[in-house]
Amino acid sequence: MIRRATTEPLAEPIRSRLAPTLARVSDAAASFLRETGTALAERHSPPAREGVEAAFDSFMAELTALRGEGLIRVLPVDDVGQLYAFSFGLEQLRQHVGDLFNRTAESARRNAVVDTAAPTA
């Protein structure tokens, strides 16, 4: 969904205003996914998700500020649609991050139960 919404660059000044927060979302999500992959491979608890959640919050705060300043209202309809499709895609990604966190935690708990139930030599 995010890819489809970004086949064309976001309109200015929206693009330049969102660029720093989107860079934070990208970096935080990539880090969370890498660390989660390691946690799953090693059957450990998931990494903290506060960093990625803060990045998503930052994006939403900037989007809200753009709305409040009226910068979205003056955009052509197609640009507004693109922006909202993109923000919806990011919200979906946020939900997937939460689901992945929960599934990784469940996996770690199952592994802990198996480890404690295993007979010792």
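Colleague: Before the details, what kind of model is it, and what do the values rest on?

Modeller: This is a predicted model, in which local features need pLDDT of at least 70 and side-chain atom pairs count only at pLDDT 80 or more, while totals for chains, interfaces and linings use all residues. Residues are numbered from 1 along each chain as its sequence is written, and side-chain values use heavy atoms, with hydrogens and water left out.

Colleague: Fine. How many helices and strands are there?

Modeller: The chain has four helices and zero strands, where helices (H or I, at least four residues) and strands (E, at least two) are DSSP runs numbered from the N terminus. Along the sequence this gives the pattern α-α-α-α.

Colleague: And how much of the chain is buried?

Modeller: Of the 121 residues in the chain, 35% are buried; buried means under 20% relative accessible area, exposed means over 50%, and partly exposed is in between, with a 1.4 Å probe and protein chains only.

Colleague: What about contacts between residues at least 6 apart in sequence?

Modeller: Among those contacts, 80% join residues at least 24 apart, a contact being heavy atoms within 4.5 Å.

Colleague: Let's turn to packing. At what angle do α2 and α3 pack?

Modeller: Helix α2 (residues 14–42) packs against helix α3 (residues 50–68) at an angle of about 165°, and their axes are 8 Å apart. The axes are lines fitted to C-alpha atoms, for helices over the stretch in contact, and the angles run from 0 to 180 degrees between N-to-C directions. The two helices, α2 and α3, are therefore roughly antiparallel to each other, the term for angles over 145 degrees, whereas under 35 counts as roughly parallel, 65 to 115 as roughly perpendicular and the rest as oblique.

Colleague: Which residues make that contact?

Modeller: On the α2 side they include Leu-18, Leu-22, Val-25 and Phe-32, and on the α3 side they include Val-52, Phe-56, Phe-59 and Leu-63. The residues of the contact of α2 with α3 divide into 14 nonpolar, three polar and three charged, with Ala, Val, Leu, Ile, Met, Phe, Trp, Tyr, Cys and Pro counted as nonpolar, Asp, Glu, Lys and Arg as charged, and the others, Gly among them, as polar.

Colleague: You mentioned Phe-59 there; what is the geometry of its ring with that of Phe-86?

Modeller: The structure holds one aromatic pair. The ring centres of Phe-59 and Phe-86 are 6.2 Å apart and the planes stand at 80°, so the pair is edge-to-face. By definition, rings of Phe, Tyr and Trp (its six-membered ring) pair if their centres lie within 6.5 Å, and planes under 30 degrees apart count as stacked, over 60 as edge-to-face and the rest as tilted. Phe-59 lies in helix α3 and Phe-86 in helix α4 (residues 77–117), so the pair ties together parts that are 27 residues apart in sequence.

Colleague: Are those two buried or exposed?

Modeller: Both Phe-59 and Phe-86 are buried.

Colleague: New topic: what about the backbone at Pro-13?

Modeller: The peptide bond from Glu-12 to Pro-13 is cis, with omega near 5°, and Pro-13 sits in the loop between α1 (2–5) and α2. As background, most residues other than glycine have a negative phi, and most peptide bonds are trans.

Colleague: Then what is phi at Arg-43?

Modeller: Arg-43 has a positive phi of about 55° although it is not a glycine. Arg-43 is in the loop between α2 and α3, and at 51% relative accessibility Arg-43 counts as exposed.

Colleague: What does Ser-45 touch?

Modeller: Not counting residues up to four places away in sequence, Ser-45 touches Ala-39, Thr-104 and Ala-108. Ser-45 also belongs to the loop between α2 and α3 and is exposed, with a relative accessible area of 53%. Ser-45 and Ala-108 are 63 residues apart in sequence and 5.2 Å apart in space, C-alpha to C-alpha.

Colleague: Last one: where is Ala-11 found?

Modeller: Ala-11 is found in the loop between α1 and α2 and counts as buried at 16% relative accessibility. Leaving aside neighbours within four places in sequence, Ala-11 is in contact with Leu-75 and Asp-79.
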